[in-house]
Amino acid sequence: MYQAFLIKYAEIGIKGKNRHIFEDTLVSQTANALKRADGEFTVRRENGRVYVLAHGEFDFDEAVEALTHVFGIAGICPVVLTEDEGFEKLAQTVIRYAADAFERLDVTFKVVTRRARKNYPMESMEVSAALGERLLEAYPQLKVDVHHPQVTLHVEIRNQINIYSRTIPGPGGMPVGTAGRAMLLLSGGIDSPVAGYMIAKRGVKIDAVYFHAPPYTSERAKQKVIDLAKAVSVYAGPVRLHIVNFTDIQLYIYDKCPHDQLTILMRRYMMKLAEHFAREGESLGLITGESIGQVASQTMQSLAVTDEACTMPVYRPLIGFDKQDIIDIALKIGTYETSILPFEDCCTIFVSRHPVTKPNLKSIQKSETHLQEKIDALFRQAVETVEVIRVEA
């Protein structure tokens, strides 16, 4: 029955004169997502609406699955599009539609008509009443309930007439690419993939950097992070993943600095490297999965000392979340099972038993003076040996 979807958006509708930019990006992102579905599709926008048109046979469930991963989509309506050939033809189409689309024909319903074309010869209320009457004649077991109907049948009179009664929730947010680019510090844990998902939901294009520490972290740990980047890319689009060999920097810090400061010092150099690659890729900020108080390196004092190491803005979309809140999102987006695989990353390997929780910036900077002999050369080495791969679903 369905050869088209009506795509509804929310926030895009309040963008005023810039709305067409967001609509065009949504069309592009929708078309890209549908490449994962079996079938041939065209995506177009028309007078504040976005339509997906299927050409020939297609997999309905795959198409819906792809659309539910496109940020900016608030609702997905399987829709019947019909030409305006008079009211009688419309009534017959609606009667056939009800037989196919309503799960049962003993439900309560109402008809809601909207006329985008004001030259249609009947008023909206007249169309709704007349179509409701024809449906009752065809299916006497139906009942009208204008306040709390089980089924709301929408009829929108546009260039073509749109008929639909079902809205599948979309992910919401803004189309990816409408809010610039940012660099995600991606580990193998639960938090950072969720942070990438959430910032992408606001329209931000994601690059990522992962700090690898062979032989202390295995190739399986590296593959785990690639798999997480791939899971995030289902929503965020292709991700440029920078895999940085961090072993020598970590060992040097471990050898030269107080061990209770290891986590903060390593984190500062991660931020510096992430900022370097972010500037190369024209990112506007860094993204982390930190949440206040979750671990020693995520106290207010620790975050302040970490941020001092770089000049770019650092965005932390999970900053006020409880761990269970983060886990719930990880389960929803399909990253949780990968995140809990027992392949440790470089942060967990070199963590101190008793890390400082309220670091003093001057003390940390004094410890960094112990690194002056080799740290610049190690930094350049990490930059020159970076592996960049394109990850996409």
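**Entry 1: a nonpolar patch.** I looked up L136, V144 and V146, which form a nonpolar patch on the surface with about 230 Å² of accessible area together. Patch residues have over 30% relative accessible area and no salt bridge, and nonpolar side chains (Val, Leu, Ile, Met, Phe, Trp, Tyr) are joined within 5 Å. A salt bridge would be a side-chain nitrogen of Lys or Arg within 4 Å of a carboxyl oxygen of Asp or Glu. Areas come from the Shrake-Rupley method with a 1.4 Å probe.

**Entry 2: my ground rules.** This is a predicted model, where local features need pLDDT of at least 70 and side-chain atom pairs count only at pLDDT 80 or more, while totals for chains, interfaces and linings use all residues. Residues are numbered from 1 along each chain as its sequence is written, and side-chain values use heavy atoms, leaving out hydrogens and water.

**Entry 3: strand β3.** I found that β3 is largely enclosed by the rest of the structure, because six of its seven residues are buried (under 20% relative accessible area). Strands are DSSP runs (E, at least two residues). Antiparallel to β3 run β1 (residues 4-8), joined to β3 by four bridges, and β2 (residues 40-46), joined by seven; pairing takes at least two bridges. I noted I7 bridging to V50 and F41 opposite A54.

**Entry 4: R49.** Is R49 buried or exposed? R49 counts as buried, at 12% relative accessibility. R49 sits in β3 (residues 49-55), and its side chain makes a polar contact (N or O atoms within 3.5 Å, one able to donate a hydrogen and the other to accept it) with the side chain of E156, at 3.2 Å.

Technical notes
Buried means under 20% relative accessible area, exposed over 50%, partly exposed in between (1.4 Å probe, protein chains only). Patches are made of residues with over 30% relative accessible area and no salt bridge: like charges are joined within 9 Å, nonpolar side chains (Val, Leu, Ile, Met, Phe, Trp, Tyr) within 5 Å.
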